[in-house]
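Q: Please take a close look at one pair of packed helices in this model. How are two packed helices described?
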Amino acid sequence: MVNEQLIWAIFFLPLISFGLIALIIRPFFNQASVIAGPIAVLFIGASFVISILTFIERNINGTLTLVGDPINWLTIGAFKLEVGILLDPLTTTMLVVVTGVSLMVQIYSTFYMKDPGSHHGTENQGSDSEPAELGQPVYARYFAYMSLFTASMLGLVMASNVVQLFVFWELVGLCSYLLIGFWFHRPAAAAAAKKAFIVTRVGDFGFLLALMYLFSKTYQENINYLNIQTINENLPTLVSSGTLGAGALTLIAIGFFVGAIGKSGQFPLHTWLPDAMEGPTPVSALIHAATMVTAGVFLVGRFFPLFQASQEAMMVVALVGGITALFAATMGLVSNDIKRVLAYSTVSQLGYMMLALGIGAYGVAIFHLFTHAFFKALLFLGSGSVNHATGTFDMRFMGGLRKKMPITYITFLIGSLSLAGIFPLAGFWSKDEILLNAFRSGSEGGEIVSMTVFVLAIIAVFMTAFYMFRALFMTFEGEFRGGSEKDPEANPHGPVHLGESPFLMVLPMLILAIPAVIIGFIANPPGELLGIKAHWMVHTLDHSLPDSMHHLLKGESFSVPLAAVSSLVALSGIALAIAMYKPKPLISPESIGKTLRPVHTLLYRKYYFDELYEGIFVRQIYYRGLALASDWTDKNIVDRAVNIVGWTGANFGGLIRQFQNGQMQMYATVTSIGIIVIAAIFIFGD
Amino acid sequence: MNLQDIYLISPEIGIAIVAAFVIIIDLFVSNKKVLPVVALVTLLIPLFLTIQLHLDTDIGSKTGFSGTFQVDDFAIFFKYLILGSTAIVILSSTQYARRFGGHQGEYYALILFSAAGMMLLASSMELITLYIALELTALPSAALAAFIRQRKSAEAGIKFLVLSAVSSAVLLYGMVLVYGLTGSSHLNEIASSITNNGLGSSPALLFGIVLITAGFGFKISAVPFQMWAPDVYEGAPTPVTGFLSVASKAAGFAIILRVFYTSFGLDNANIDWANMMAVLSAISMSVGNLIAIRQNNIKRMLAYSTVAQAGYLMVGLAAITALPGGDDNAGPIGVLFYLAGYAMTNLAAFSVVIAVSNKTNNDSINSFSGLARKSPLLAGAMALAMISLIGIPPTVGFMAKIYLFSAAMDTGLEWLAIVGVINSVISAYYYLRVVKVMFLSSPKENEKDSETSYGVGAVSAAVIAMAGTFLFGIYPEPILRIAHTAIDSLIG
């Protein structure tokens with residue numbers, strides 16, 4: 001039933017929506033830009049429906065196998081560039097995540113992004129007092145970007161060719177830049193957008209280098225080594241046959257991973273992600289929680305057989321993932337900005353996924369990506385809802401919202417529990433499988449790396465539970481502390497008006513709350529359930545890898561004792577949060593902050609990474625070193641070369657112009673002499 | 001001559017009828033704005049006839065008129081290209097042609113007659129036919145160049161006529177030598193005669209080849225046969241300049257490929273003309289680019305630019321024997337692809353020049369000052385055309401250059417590819433200068449009150465050509481595929 005055309009439609013629908021909004025509505029019908037929202041929702045909705053059908057047919061029924069030949073994009077001699085769809089369980093899973101979350105976020109945005117004047121009680125706020133950018137034009141621009149972003153992400157996950165993948169990879173980066181800097185009139189937003197673009201660019205550079213290296217190593221006639229499936233199926237054999245050295249393979253894998261580090265905000269390129277929270281909140285929900293940042297994890301997953309073939313690369317992936325999981329969690333402990341807490345938790349969770357990939361638990365990592373998308377999007381939408389009411393993101397100026405915003409509270413609670421990994425919510429199942437796999441391969445396999453990351457991960461579980469409930473208590477419990485009217489740094493979204501958000505914002509949160517509760521159990525039950533096979537999702541994913549790779553995979557399983565331990569750790573984190581942040585705390589956060597002041601400052605300043613990059617790399621090495629050297633080269637070598645060319649052009653041109661005197665006799669003479677010279681050389685030259 | 005022959009030549013007959021029809025209509029209508037519309041609509045007839053020939057699989061490669069005329073995918077490719085270019089030139093002339101007063105009918109008819117000659121040229125398989133077609137192309141062009149009754153235009157016309165006659169004489173002399181040695185004027189028989197009689201190293205034959213190259217070199221304005229181009233390009237009416245620089249050049253490359261691959265092909269005769277092409281290529285691009293830097297008149301600048309572009313195109317003529325693993329046909333395929341891309345790009349540029357000249361009646365580069373503010377669309381089209389001529393993505397010019405230069409690399413002509421790349425960098429100087437003037441300079445005050453418009457025709461021609469430049473820069477495969485089959489039918 002689902003055919004190739006329909007699968008292409010998944011990608012093209014949001015792209016058409018982008019074209020409609022950006023090229024027709026925004027230039028010509030900007031007065032009626034309100035329709036941009038519904039249009040975008042409609043197109044992405046259709047895309048979502050097809051994605052679900054594709055998912056069912058490919059992953060559940062297994063009836064769909066692809067499909068058509070790739071389209072030739074460019075043929076130069078023996079070199080061929082193709083564009084096609086790679087439809088494996090990983091792709092279908094990503095399609096559902098991207099379109100599903102995008103649909104919810106865009107429904108939410110239709111209201112959230114409207115002119116603030118129109119829904120904040122017009123009696124005390126005329127829309128003419130708003131800055132011009134907050135008016136209607138913004139609406140069409142926003143949905144144009146969102147549609148383009150969704151299309152790019154879909155193109156990325158569907159790509160069958162490395163070059164195709166890279167094009168969309170960069171497009172995703174561009175959209176992220178545009179959306180983070182959406183409120184470009186705010187310096188902080190403009191700076192954050194720039195930072196995101198440049199930091200991820202460092203990673204992209206690694207990716208690109210690896211691509212070129214791969215291509216130069218494997219460029220052979222009739223074998224298309226730009227095709228992802230060809231790479232995955234043949235590279236390991238190339239290594240065993242000696243065509244490609246093991247070192248080269250590791251380099252390629254690490255290069256890809258560097259790209260993934262940048263995109264997924266892994267240590268040490270994590271610095272852009274918290275700043276990216278300057279973008280509109282639905283943007284954070286879509287791209288910094290559910291989709292774009294998962295592109296890095298997706299990339300490692302996409303080339304998983306390549307990574308598996310290199311033990312060193314796998315070790316790096318596992319360690320970076322494990323370190324990130326813990327490292328980001330520690331910074332989340334002290335942040336006062338609700339979105340930044342969520343941002344750190346995202347980085348931390350992405351670390352879990354990476355570490356799962358690193359220890360060989362491919363299906364489990366993607367499973368966690370899947371569940372995480374739903375509850376993290378839910379949490380971000382919740383933070384947007386809170387901001388809608390209070391006008392601030394600073395939790396120090398919130399409080400007491402539980403009674404005013406019951407639905408937001410409950411959904412946020414569900415999201416937090418799911419993220420903390422409390423039984424039986426979605427996050428529990430996926431996180432537990434990661435921990436279990438790390439533990440098993442650590443204790444039974446005796447792999448020291450696995451054991452290390454297991455320890456890192458279990459500490460992070462405690463912290464995750466703690467900071468989520470710290471955020472929950474600071475936001476929803478106690479007394480209201482003033483909102484944006486008290487917060488000197490807030491950019492008022494509107495006046496404070498405590499109350500539940502409008503229906504169109506609440507609805508997506510309610511819908512997302514459902515998968516946040518059940519999706520883990522439904523998709524990957526530990527035992528057979530209502531016709532669903534045990535560990536169905538992980539099993540399907542794992543068995544989509546080339547057969548030769550299966551022996552390297554970690555199995556899917558469930559262990560009650562380990563689940564109990566991790567739950568206990570999470571619960572104690574929650575307990576500590578309650579003790580510290582309930583209205584009359586047992587332990588005062590201030591006193592702890594004072595006792596551990598150096599630690600607190602270190603965490604609060606994000607381990608001084610921003611200062612390190614800005615001060616050392618940018619100011620010292622770049623400005624004083626590279627920039628100076630480039631400047632010298634530019635002035636003395638490039639400019640000189642240009643001047644020589646200019647001089648040659650001017651003089652040589654003058655010489656030739658002697659002949660170009662307008663006289664035909666001269667022209668005929670030049671032609672004749674030319675013929676004689678050519679004939680002489682041609683005939684007697686050899 | 002039988003019905004089959006007429007069927008084969010039907011597109012050429014069709015376009016000649018269109019030309020005659022336009023003249024007849026011209027007698028009866030007083031509103032001359034109708035003429036380009038009539039011409040464009042009736043141009044669909046030769047187009048349909050070409051499509052019919054293309055789709056008629058029975059035709060395949062078929063010769064008619066006793067083997068002097070051949071319809072194959074190669075000829076069809078150029079017929080499409082010439083028809084398309086002619087249509088765009090006519091579209092872009094709608095406003096400009098008013099300068100010709102009561103002679104607009106003749107103007108359109110001459111363009112169409114010249115196009116008929118070019119289409120014929122692409123199909124000729126015999127030296128005399130080839131020569132007739134060439135003259136049918138050139139004579140209307142000379143008249144067209146002199147179409148504005150001003151000193152410069154008349155001078156352009158007479159220069160074109162005389163120098164064209166000189167080059168024809170050279171070409172004829174070359175043909176006579178070849179005929180005298182091989183005893184045949186049919187391209188196929190020339191080839192077999194060279195092989196059978198072992199004429200491959202005969203100095204007389206080589207001299208004949210050089211003379212033929214010179215004759216064709218005039219058409220494509222390759223150095224040192226380019227001297228006419230700047231004066232004629234500057235003096236001729238701008239749409240005519242565009243027509244000469246695109247359609248005429250395409251026809252020239254068509255006949256070069258046809259003659260050299262059919263008669264002097266490497267399999268048949270052991271004649272190494274590739275090196276000659278390589279050297280001419282390097283000289284053409286260098287001379288064209290270096291002189292273009294100094295030009296202040298946009299048409300003169302574009303004249304030198306076409307000389308340089310001819311140099312890039314000749315890279316494809318030089319790249320004929322691939323190293324192991326490469327594609328032997330990449331060079332000629334690259335020529336066809338580049339010609340198609342160059343046609344779109346240059347027509348976009350000329351349409352903008354026409355539009356601006358409609359408004360300002362001025363051809364200096366400075367008349368483009370502040371165009372970005374006055375007409376962002378035209379400025380955008382011009383900017384895209386310029387970066388396509390340089391060879392920067394996302395344009396078809398970039399793809400075409402990649403293709404040609406990689407063909408050069410595959411045939412061991414690394415030095416030529418390097419010369420090409422350096423030349424591309426140099427060319428950026430004068431192409432980007434136009435962009436700079438458009439976007440960074442402010443409009444001149446006195447032009448703001450100009451009453452005349454840019455001309456709907458010229459603007460739409462610019463938009464169409466720009467769209468092609470952009471779209472095929474992103475997805476070039478359709479053109480490449482057609483070019484591939486065309487070259488397969490030529491070389492086999």
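Predicted model: local features only at pLDDT ≥ 70, side-chain atom pairs only at ≥ 80, totals over all residues.

A: Residues are numbered from 1 along each chain as its sequence is written, while chains are lettered from A and ligands numbered from 1 in the order in which they are written.

Two packed helices are described by the angle between their axes and the distance between the axes. Helices here are DSSP runs (H or I, at least four residues), numbered from the N terminus. In chain B, the axes of helix 8 (residues 151–182) and helix 10 (residues 203–219) come within 8 Å and cross at roughly 150°. Axes are lines fitted to C-alpha atoms over the stretch in contact, with angles from 0 to 180 degrees between N-to-C directions. Angles over 145 degrees count as roughly antiparallel, and therefore helix 8 and helix 10 of chain B are roughly antiparallel to each other.

Residues in contact have C-beta atoms, placed from the backbone, within 7 Å. Helix 8 of chain B contributes residues including B:Ser164, B:Leu171 and B:Leu181, and helix 10 of chain B residues including B:Ala204, B:Leu211 and B:Phe218.

Elsewhere in chain B, B:Asn346 lies in helix 15 (residues 330–360). B:Asn346 is buried (20 or more other C-beta atoms within 10 Å of its own), because 26 other C-beta atoms lie within 10 Å. Not counting residues up to four places away in sequence, B:Asn346 touches B:Gly242, B:Ser245 and B:Val246. B:Asn346 and B:Gly157 are 189 residues apart in sequence and 22 Å apart in space, C-alpha to C-alpha.

Terms used: Helix = DSSP H or I, 4+ residues; strand = E, 2+ residues; numbered from the N terminus. Buried ≥ 20, exposed ≤ 12 C-beta atoms within 10 Å, placed from the backbone. Contact = placed C-beta atoms within 7 Å. Parallel < 35°, antiparallel > 145°, perpendicular 65-115°, else oblique.
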